[in-house]
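Reader: I would like to learn how to read a model of this kind. Please take the features in turn.

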Amino acid sequence: MELADIIRSVPDFPKKGIVFKDITTLLADEKAFCAVLHQWADRLRAREVTRVLAIESRGFIFGGALAYELKVPLALARKAGKLPWSTIREEYALEYGTDSLELHEDAITPGDRVAVVDDLLATGGTALATVKLAERLNGIVVDVGFLIELAFLHGREKLDAYPVESFITYSSEA
Ligand code: AMP
């Protein structure tokens with residue numbers, strides 16, 4: 001079975017016109033989930049990653065498992081107001097308005113080889129904000145990885161200065 005067949009596409013969630021990619025069906029398939037994590041971990045090992053930086057919230061699922069597998073520290077990029085200590089913040093554009101992500105100011109050691117991790121690449125705004133946070137703390141972003149890429153939204157172009165990787169690519173909305 002193809003990985004893409006294990007992801008459930010839910011039309012009009014959370015609002016009309018969006019086809020939501022539901023990864024819970026992959027998480028419930030332990031063979032597929034572990035196969036993805038093993039490949040992902042092998043790639044990060046080859047790139048000599050020293051820190052995993054996971055994006056709230058579904059990125060945490062993959063980021064936690066990868067940090068465990070690689071035996072490297074895990075950092076969390078969270079929505080504004082969720083992190084308790086001193087933070088740095090990056091704003092990014094949404095379809096309407098802006099959103100922001102924060103990182104604890106000691107979350108990255110200068111010179112860390114950072115792997116950014118999230119479940120899905122859409123327009124790329126979320127991942128680019130996370131990359132900027134890592135770079136402000138003098139991390140070197142060596143991998144920006146996703147389970148799923150919605151290629152028709154061209155997020156990869158926004159991240160063209162970085163190595164972007166994904167396991168499942170959708171070239172159209174359907
Ligand atoms: P973007 O900043 O546009 O690349 O959006 C990426 C973030 O939004 C990721 O953290 C995803 O979890 C979430 N996201 C965007 N579009 C979808 C979608 N169609 N299905 C599931 N999650 C999505």
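Reader: How far does a polar side-chain atom of Asp119 lie from an oxygen atom of the ligand?

Author: A polar contact is a pair of N or O atoms within 3.5 Å; within protein, one must be able to donate a hydrogen and the other to accept it, and residues adjacent in sequence count only if both atoms are side-chain atoms. For Asp119, a polar side-chain atom is 2.8 Å from a ligand oxygen. Asp118 also places a polar side-chain atom 2.8 Å from an oxygen atom of the ligand. With Val19, a backbone N or O atom lies 3.0 Å from a ligand nitrogen. By itself the ligand exposes 490 Å², of which the protein buries 80%; accessible areas come from the Shrake-Rupley method with a 1.4 Å probe, and for residues only the protein chains shown count as cover.

Reader: What should I know about the origin of these values?

Author: The model is predicted: local features need pLDDT of at least 70, side-chain atom pairs count only at pLDDT 80 or more, and totals for chains, interfaces and linings use all residues. Residues are numbered from 1 along each chain as its sequence is written, and side-chain values use heavy atoms, with hydrogens and water left out.

Reader: Which residues come nearest to the ligand?

Author: A residue is near a molecule or strand if one of its heavy atoms lies within 4 Å of it. There are 13 residues around the ligand, and Arg58, Asp118, Thr123, Gly124 and Thr126 come nearest.

Reader: In what order do the strands of the open sheet run?

Author: Strands of a sheet pair through backbone hydrogen bonds, either parallel or antiparallel. Here strands (E, at least two residues) and helices (H or I, at least four) are DSSP runs, numbered from the N terminus, and two strands pair if DSSP finds at least two bridges between them. The open sheet has seven strands in the order S5-S6-S4-S3-S7-S8-S9, with mixed pairing. Its edge strands are S5 (87-93) and S9 (164-170), each pairing on one side only. From one strand to the next, the twist averages 20 degrees.

Reader: How many bridges join S3 to S7, and how many join S5 to S6?

Author: S3 (residues 51-55) and S7 (residues 113-121) run parallel and are joined by four bridges; Leu53 has Val116 in S7 as its bridge partner. S5 and S6 run antiparallel, with seven bridges, and Glu90 is partnered by Leu101 in S6. In the hairpin of S5 and S6, four residues lie between the strands, and Gly97 takes a positive phi near 85 degrees.

Reader: Why does Arg113 count as partly exposed?

Author: Arg113 counts as partly exposed because its relative accessibility is 29%. This residue is found in S7, and its side chain reaches the backbone oxygen of Arg47 at 2.9 Å. The C-alpha atoms of Arg113 and Val142 are 6.0 Å apart, although 29 residues separate them along the chain.

Methods. Axes are lines fitted to C-alpha atoms, for helices over the stretch in contact, and angles run from 0 to 180 degrees between N-to-C directions. Buried means under 20% relative accessible area, exposed over 50%, partly exposed in between (1.4 Å probe, protein chains only).
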